[in-house]
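User: Hey, I'm new to this one. Can you walk me through it?

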Amino acid sequence: GDQFKDSPIRTNINSVIGLSKWLWRIKLQANLSHQYIYDKTPNGNREISHFSPFISLAHIPFQKHNFRIRSHYKNTYRLPSFNDLYYNSIGNSNLKAENAKSFNIGLTYAKSIKLITFETTLDIYQNKIKEKIVAIPTKNLFNWSMQNIGDVLSQGIDLSILYSYTKASVSIVFSTSQSYNTSIDVTKSTNFTYGHQIPYTPNYTASYTSTLGYKKYALSFTLIQTGSRYVINENLPFNQLDGFIDLGIGISRTFKLKRQTLYCKLNVVNLLNNNYEVIRSFPMPGRHFNLKIVYKFNT
């Protein structure tokens, strides 16, 4: 109808060609993807054609051990979504596309001994991002907008560990993920914010999950830890937001109903009733409860 005649229209065509090959104990994967985007808007049209390469190598040095060394390089090209561009007062129609080059090297190890399974991964990475898209305050802390903040250098280490034990009707699962990250502004060395951590990006985050299962019951504990962040690009003390810890607990049961399955889970979120902020001036809810019910039809 007439109400949509001035609405933006995007045509997006994606194509990819790739290969995967084992050479002795080395696995090579590579692909080349292409994006063609044509945006038709009331303020003008935009046509973009971009090629993104990806290549990875994985090496298994020991035949009898599940140990793997991994590495990859990839290019990621992200055009702003229509929400980024036009959503109410948050959108910014002048946004540029985000272009990232990612380098990663990692280790993976897994071991199963009778009733016990252990898995761990370690990754070290570096991302170079041009025209990084983030949501940041504009006029004040209540008015946010999508912005390009220039060039960002992101470097970090991710560690994950999974331990599980299963015997008869009893299962115990523990998992954790740890992440240390620096994401700094490297747009211009003469800028005041050069070398500063970008907004709302903590240096350290971690999560811990423990689940105890017995027959059709499960009891789970989840702890999320987030380090301090800065609310704007200027890393000054009065712009720092304290870190927080969020602890949750859940209990669930699965019911078998002939050919159907009923799953019920009750979660207690923010069990310690902490008063913390993910975004400054917007406190998170205190202790609250979530009930999840899933009914599955098995034909």
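Analyst: Below we chat about pockets, a surface patch and salt bridges. This is a predicted model, where local features need pLDDT of at least 70 and side-chain atom pairs count only at pLDDT 80 or more, while totals for chains, interfaces and linings use all residues. Residues are numbered from 1 along each chain as its sequence is written, and side-chain values use heavy atoms, with hydrogens and water left out.

User: Which classes of residue are in the lining of the largest pocket?

Analyst: Three nonpolar, six polar and two charged. Ala, Val, Leu, Ile, Met, Phe, Trp, Tyr, Cys and Pro count as nonpolar, Asp, Glu, Lys and Arg as charged, and the others, Gly among them, as polar.

User: What about the second largest pocket, which residues lie nearest its centre?

Analyst: Thr222, Gly248, Ile249, Val268 and Val269, out of 13 lining residues. That pocket holds about 150 Å³ of space. Strand 15 (244-257) is one of the strands that supply at least two lining residues, and its five are the largest share.

User: Switching topic: which residues make the nonpolar surface patch?

Analyst: Ile69, Ile105, Leu107, Leu122, Ile124, Ile157 and Leu159 make a patch of about 520 Å². Patches are made of residues with over 30% relative accessible area and no salt bridge; nonpolar side chains (Val, Leu, Ile, Met, Phe, Trp, Tyr) are joined within 5 Å, like charges within 9 Å. Strand 5 (98-113), strand 6 (116-130) and strand 9 (152-167) each supply at least two of the patch residues.

User: Where is isoleucine 69 found, then?

Analyst: In strand 4 (residues 66-78). Isoleucine 69 counts as partly exposed because its relative accessibility is 31%; buried means under 20% relative accessible area, exposed over 50%, and partly exposed in between (1.4 Å probe, protein chains only).

User: OK, salt bridges. How many does the structure hold?

Analyst: Six. A salt bridge is a side-chain nitrogen of Lys or Arg within 4 Å of a carboxyl oxygen of Asp or Glu. In one of them, arginine 78 meets glutamate 98 at 3.9 Å, N to O. That pair links distant parts of the chain, with arginine 78 in strand 4 and glutamate 98 in strand 5, 20 residues apart.

User: Is glutamate 98 buried or exposed?

Analyst: Glutamate 98 counts as buried, because its relative accessibility is 12%. Arginine 78, at 33%, counts as partly exposed.

User: What does lysine 96 form a salt bridge with?

Analyst: Glutamate 131, with the closest N and O atoms 4.0 Å apart. Lysine 96 sits in the loop between helix 1 and strand 5, and glutamate 131 in the loop between strand 6 and strand 7 (133-137), so the pair ties together parts 35 residues apart in sequence.

Technical notes
Accessible areas come from the Shrake-Rupley method with a 1.4 Å probe; for residues, only the protein chains shown count as cover. Helices (H or I, at least four residues) and strands (E, at least two) are DSSP runs, numbered from the N terminus. On a 1 Å grid over the protein atoms alone, a cavity is a set of points where a 1.4 Å probe fits but cannot get out, and a pocket is an open set with protein on both sides within 12 Å along at least five of seven lines; lining residues have an atom within 4 Å of a point. Grid points are joined across faces, edges and corners, and a volume is the space filled by probe spheres set on the points.
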